[in-house]
Amino acid sequence: ADAIGCVSEGFALFDEHGRLVVCNERYRAAYPLLSDLLRPGVRFAELLHKAVERGAAGRDVTDPSGWAAECLSRPARGGPPADHRLADGRWYRISEHATRSGGIVKILTDITELKRHEQALADSEERYRRLVEMAPYGIVVWDGGRVRFANRAAARILGTVDPAAMAGVPVLD
């Protein structure tokens with residue numbers, strides 16, 4: 001229990017019948033609307049039902065039954081970790097691993113800051129793209145041999161309507 005409590009990720013172990021065996025405080029903190037239910041013996045299916053009932057399932061859940069069924073079947077399908085946004089806006093990367101005895105280990109990694117940085121980068125790239133596209137002067141990017149990008153003004157100056165059509169065109173020295 002001490003080792004599980006020290007882990008920086010949320011950790012939960014469910015037995016082969018879908019009952020919670022143990023979880024750490026990080027796991028409880030990830031689900032504050034369900035923390036009173038996170039005790040040994042509670043069934044994962046019951047937690048999913050209560051998550052929908054209490055609004056902890058997230059804003060994107062339009063079909064509670066389908067969402068619960070998908071959550072219950074995910075460990076059997078295996079696959080890579082999945083990113084989920086919780087009802088309070090935090091993001092978690094959720095990894096699920098089958099145990100040899102048929103149970104499931106769930107590991108939650110808080111990736112909220114990573115998602116914020118990704119969004120900030122996407123916003124910055126979009127601002128840059130708009131700035132370059134709206135520039136009244138021609139901008140052409142090439143890799144020393146071929147055009148990789150041209151804005152609308154460059155296309156107009158060079159007599160082309162579609163700047164995308166210039167991509168890959170060889171540049172003559």
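**Exercise 1.** Which residues in helix 3 are buried? Determine how they are placed around the axis of helix 3.

*Solution.* The model is a predicted one.
Step 1. Apply the burial criterion, under 20% relative accessible area. In helix 3, the residues Phe44, Leu47, Leu48 and Ala51 are buried.
Step 2. These residues span an arc of only 100 degrees around the axis, and therefore lie on the same side of helix 3.
Step 3. An α-helix has 3.6 residues a turn, so residues three or four places apart point the same way.
Step 4. Turn to the other side of helix 3, where His49 and Glu53 are exposed.
Step 5. Just after helix 3, glycine 55 adopts a positive phi of about 80 degrees.

**Exercise 2.** Classify the aromatic pair formed by phenylalanine 14 and phenylalanine 44, and state which parts of the chain the pair links.

*Solution.*
Step 1. Ring centres must lie within 6.5 Å, and planes over 60 degrees apart count as edge-to-face. The centres of phenylalanine 14 and phenylalanine 44 are 5.2 Å apart, with 65 degrees between the planes, and the pair is edge-to-face.
Step 2. Phenylalanine 14 belongs to strand 1 (residues 10–14) and phenylalanine 44 to helix 3 (residues 44–54); the pair links distant parts of the chain, 30 residues apart.
Step 3. Both phenylalanine 14 and phenylalanine 44 are buried.
Step 4. Beyond its neighbours within four places in sequence, phenylalanine 14 also contacts other residues, including Leu20, Tyr27, Leu47 and Ile104.

**Exercise 3.** Describe how strand 5 pairs with strand 1 and with strand 4.

*Solution.*
Step 1. Strand 1 and strand 5 (residues 104–110) run antiparallel and are joined by 5 bridges. Alanine 12 has lysine 106 in strand 5 as its bridge partner.
Step 2. Strand 4 (residues 91–98) pairs with strand 5 in the antiparallel sense over 7 bridges. Here histidine 97 has valine 105 as its bridge partner.
Step 3. The hairpin of strand 4 and strand 5 has 5 residues between the strands, and glycine 102 takes a positive phi near 100 degrees there.

**Exercise 4.** Identify which residues touch the most other members of the largest nonpolar core, and which element supplies its largest share.

*Solution.*
Step 1. This core holds 24 residues, of which Phe14, Leu20, Tyr27, Tyr31, Leu38, Leu47 and Leu108 touch the most other members.
Step 2. Among the elements that each supply at least two residues are strand 1, helix 4 (64–77) and strand 5.
Step 3. Helix 3 supplies the largest share, 4 residues.
Step 4. A second, separate core of 5 residues includes Val147, Ala150, Ala154 and Met166.

Note on methods: Residues are numbered from 1 along each chain as its sequence is written. This is a predicted model: local features need pLDDT of at least 70, side-chain atom pairs count only at pLDDT 80 or more; totals for chains, interfaces and linings use all residues. Side-chain values use heavy atoms; hydrogens and water are left out. Rings of Phe, Tyr and Trp (its six-membered ring) pair if their centres lie within 6.5 Å; planes under 30 degrees apart count as stacked, over 60 as edge-to-face and the rest as tilted. Buried means under 20% relative accessible area, exposed over 50%, partly exposed in between (1.4 Å probe, protein chains only). The arc is that of the directions from the helix axis to the C-beta atoms. Two strands pair if DSSP finds at least two bridges between them. A nonpolar core is a set of buried Ala, Val, Leu, Ile, Met, Phe, Trp, Tyr and Cys residues joined through side-chain atoms within 4.5 Å. Contact means heavy atoms within 4.5 Å.
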